[in-house]
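This report concerns strand pairing and aromatic contacts. The sequence and coordinates are shown below.

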Amino acid sequence: NQILSVNQAVEALTERVTVLVDAWAIQVAGAPTVVLPSEQFARDVLDALKAGYLNEGDKLVEPQTFLEDVKVAPHRAPATNVVTEIAAALERLSQTTSEPKLYTVRAGDYQEKIAADHGMTLTAFYELNPGIRGRVIHPGDQVKVAPAVQGITVKTIKEVTRTIEIEPELDKKYSVNVPRGETRVVAEGVPGKKLIVEHHTYHNDRLVETKVISGQVIEAPTPRRVLVGTGETPAAGGARSE
């Protein structure tokens, strides 16, 4: 019954109206996980997430992928829900919960308001709370306002080249010049070198598979040569018979 100034009107509406903005969400298995200001920003966040599992000089076998169903899709949400820093978005993506988030209904709340306050469409709100569709909610009731959050797993396959040592083979020769039962080392062996190419598969920073792709000897080993005695040993205190 009175004419209000703009500031007075805004103050009066603040507790009654939730303003939604057009934004973009990174969805994991269909559930919005983090809300961002633009599609490009969302894709930059996903690229930064992948880059976090790479080191300088890493050679990728194929482009990195996600194990989960990850999509970037338009989303309407309160402006306060929009994340504008990549570091904050990455932290949000790293947080997983096994239980949905609950909200306790307060006086003056209704389904549309609760959904809007938490950046949800009414349809999504009812999908989380199918039992309250068409009924009145009361202060003290608890409703779900966010599903359990599924984390994102980055799959990375790197090509790794390493050098391994080849143990020298044992080259045994029998000699009558060495008493039976004894051995003499003629030459110590020298290990060789082999170049191995492997594909290492990681889920985030956890190594889950190692596959040998090829191997090439770059230095052959030198055998360890040993004489094995076959000669007769003369009896103690006696002379060897002719």
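## Strand pairing

In strand β5, the residue R76 is the bridge partner of D22. The model that shows this contact is predicted. The pairing to which the strands belong joins β1, residues 20-28, with β5, residues 70-78; the sense is antiparallel and there are nine bridges.

Strand β1 also pairs with β2, which spans residues 31-36, again in the antiparallel sense, here over five bridges. Within β2, V34 stands opposite I26. In a regular strand, side chains alternate between the two faces of the sheet.

## The hairpin of β1 and β2

Two residues lie between the strands of the hairpin formed by β1 and β2. In this hairpin, A29 adopts a positive phi near 55 degrees.

## Aromatic pair

A pair of aromatic rings is described by the distance of the centres and the angle of the planes. One aromatic pair is present in the structure.

## Charge over a ring

A further contact involves the ring of Y202: K158 lies over its face, at 4.9 Å from the ring centre.

Key
Residues are numbered from 1 along each chain as its sequence is written. This is a predicted model: local features need pLDDT of at least 70, side-chain atom pairs count only at pLDDT 80 or more; totals for chains, interfaces and linings use all residues. Side-chain values use heavy atoms; hydrogens and water are left out. Rings of Phe, Tyr and Trp (its six-membered ring) pair if their centres lie within 6.5 Å; planes under 30 degrees apart count as stacked, over 60 as edge-to-face and the rest as tilted. A charge sits over a ring if NZ of Lys or CZ of Arg is within 6 Å of the ring centre and within 35 degrees of the ring normal. Two strands pair if DSSP finds at least two bridges between them. Helices (H or I, at least four residues) and strands (E, at least two) are DSSP runs, numbered from the N terminus.
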